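Student: Could we go through this structure together, starting with how some of its helices pack?

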Amino acid sequence: MTTLVTDNCQRCRFTECVTACPVSAFHAGEDMLFINPDVCVDCGACIPKCPVQAIYEDLDLPDELEEWIDINERRAKKLPIITKKESAYEGAEDRKKTLGF
Amino acid sequence: MTASLKTKTQLKVAIIGSGPSGFYVADAIINSGISVEITLLEKLPCPYGLIRYGVAPDHQKLKRIANTLDTIAEHPSVTFLGNVELGKNINLEEIKSNYQVIVFCNGMSDSISLGIDGEDLAGVYPCNDLIGWYNGHPDYQDLEFNFDHDTAVVIGHGNVAIDISRILSKSIDDLRASDIPENALEILSKKTLKHVHMIGRRGPIQSKFTTKELHELGKLSNCNVSLDPKHLNLNAACQQELDDTSNIIVHKNYKVMQSYAGNFSAVNDKNKTQISIDFMLNPKYFTGRKQLSSAFFEETYLEGAPFNQTCKSLDHPIEIPCGLAFTSVGYRGAILENLPVNEPKRTLTNQNSNLIGGDGEIVKGLYAAGWVKRGPHGVIGTNRECAQNTVDSILKDTPTLLQTIAEGKAGLLKILNKKNIRYTTFEDWKVIDKKEVDNGLSLGKPREKFVTIKEMLACL
């Protein structure tokens with residue numbers, strides 16, 4: 001069981017998710033956020049927070065997004081922890097619309 | 001900094017309750033960077049609240065949140081004092097006289113009753129009784145349970161109902177790997193349940209499950225989970241609720257429910273426990289001679305606009321013969337020190353987390369966070385956000401609050417010592433914790449909990 005961020009986060013980075021994480025498992029990359037699977041307890045609090053539904057549990061992860069399990073594990077650990085909400089990227093609202101939300 | 005200057009610039013904060021909300025309030029204050037001294041007061045000798053006593057005993061990964069709470073407790077600005085109960089061995093005035101800020105994070109520990117006939121029969125319990133008992137909570141150890149029945153009904157469609165249904169259905173060998181204490185395991189090992197009904201008044205779209213918990217039920221090797229496919233034929237309003245893109249959890253749950261609907265007409269494997277998820281049934285009354293023998297329901301239907309549908313009863317009584325019933329329809333808070341509450345949930349009356357007194361005015365220095373502020377909703381992480389909002393309010397008031405001088409922990413300890421109260425520190429908890437983990441080792445369990453306060457204090 002694992003919880004992960006996928007590519008919908010790229011160029012949005014609304015960061016609503018980090019405020020609900022009870023264990024500070026989110027790490028901030030320049031392009032998007034990642035979840036450290038060693039820290040995450042799979043509580044699911046972040047999933048409904050994401051305005052572009054970028055966060056999945058592996059139990060309902062679409063096949064085409066499976067590569068993101070490894071990407072989260074690899075990248076999260078090299079990046080700083082993020083616990084406070086930051087401003088979304090410029091154009092995030094437009095991208096949200098493009099993504100259908 | 002001299003002692004007197006420190007007294008004038010350092011905010012003294014007492015937090016009532018050391019569940020996740022209490023810890024997250026402490027964390028948010030520390031992270032704000034202000035000079036602060038925080039005392040976490042807890043009525044039990046041990047910390048963590050619902051992480052230890054509410055999170056299901058077979059969800060050990062979720063209980064790892066305690067590791068995060070530990071790092072907060074060990075911050076030099078934070079002192080944990082256990083076995084100190086507001087309204088019992090200390091009163092609000094005694095705390096107020098030593099702290100500029102008091103934050104109520106004491107949660108909600110009472111189950112809401114259904115208010116129907118027969119709830120007093122043997123075999124009918126509020127969910128809290130069972131959860132407190134199998135989690136080893138000292139307040140629930142005198143309860144007696146008998147699981148030698150064919151059928152149990154669990155009333156409620158949230159994660160608490162799922163937890164109870166799962167514990168009732170799981171094989172005893174699987175339960176032995178959890179941290180259910182030995183005394184409870186012994187009684188659970190005699191369970192003969194063949195059928196567990198999880199019953200909700202409304203439909204699949206209105207259920208409050210999270211997907212992981214719902215999905216987990218279907219993975220239990222000794223269980224068959226099913227629901228009547230007719231409930232997945234939605235009325236127009238429910239269909240709109242399902243199609244709303246912000247309703248992601250409902251959408252995911254619906255998919256899991258579709259797979260359970262496929263099990264509905266499958267031939268039952270007699271060796272498996274049947275878990276039925278029943279919708280649109282309103283509990284009416286329980287019957288039995290001293291001991292519960294049947295639960296009666298009325299069929300319901302939904303009426304109204306999407307997201308605002310109300311539940312109406314049809315005149316179709318349904319009987320489910322059962323020997324056990326657990327009601328999981330929500331929680332409410334306790335009345336504490338005459339603080340004004342909002343009925344029926346008994347949240348503390350507040351404005352932006354600031355408590356409101358009986359005169360309708362803001363009470364300076366008193367705040368709330370967690371369930372007792374916003375009601376019994378959300379998952380553990382929700383409390384982190386909630387705590388941050390409370391701390392934002394505190395920080396706004398801090399310059400004013402600092403105009404009052406407060407002694408903080410030193411002053412409170414004087415009172416506790418004078419009253420001869422055996423409080424526990426975080427170091428004490430670590431001793432208890434280690435003993436529990438050691439005792440669990442030989443049993444192949446994550447820990448063997450001490451289930452009485454006396455036992456906890458005895459190992460110190």
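Predicted model: local features only at pLDDT ≥ 70, side-chain atom pairs only at ≥ 80, totals over all residues.

Student: At what angle do H8 and H11 of chain B pack?

Tutor: Helix H8 (residues 159-169) and helix H11 (residues 211-218) of chain B pack at about 20 degrees, and their axes are 10 Å apart. H8(B) is therefore roughly parallel to H11(B) (an angle under 35 degrees). Helices here are DSSP runs of H or I with at least four residues, and strands are runs of E with at least two.

Student: Which residues meet there?

Tutor: Asn159(B), Ile162(B) and Arg166(B) of H8(B) meet Glu213(B), Leu214(B) and Leu217(B) of H11(B). Being in contact requires C-beta atoms, placed from the backbone, within 7 Å.

Student: Turning to H5(B), which of its residues are buried?

Tutor: In helix H5 (residues 65-73) of chain B, the buried residues are Ile65(B), Thr68(B), Leu69(B), Ile72(B) and Ala73(B). They lie on the same side of H5(B) because they cover an arc of only 145 degrees around the axis; the arc is that of the directions from the helix axis to the C-beta atoms. A residue is buried if 20 or more other C-beta atoms lie within 10 Å of its own, exposed if 12 or fewer, and partly exposed in between.

Student: And what is on the other side of H5(B)?

Tutor: Asn67(B) and Thr71(B) are exposed there. The cover over the buried residues includes helix H2 (20-32), strand E3 (78-81) and helix H17 (426-441) of chain B.

Student: Is Leu292(B) buried or exposed?

Tutor: Leu292(B), in strand E12 (residues 291-303) of chain B, is buried, because 24 other C-beta atoms lie within 10 Å. Not counting residues up to four places away in sequence, Leu292(B) touches several residues, including Leu121(B), Phe286(B) and Cys322(B).

Student: How many residues does each chain bring to the contact of chain B with chain A?

Tutor: Chain B brings 21 residues and chain A brings 19. H15(B), helix 382-401, gives the most to the side of chain B that touches chain A, with 4 residues.

Methods. Residues numbered from 1 in each chain as written. Chains lettered and ligands numbered in written order. Axes fitted to C-alpha atoms, helices over the stretch in contact; angles between N-to-C directions. Parallel < 35°, antiparallel > 145°, perpendicular 65-115°, else oblique. Contact = placed C-beta atoms within 7 Å.
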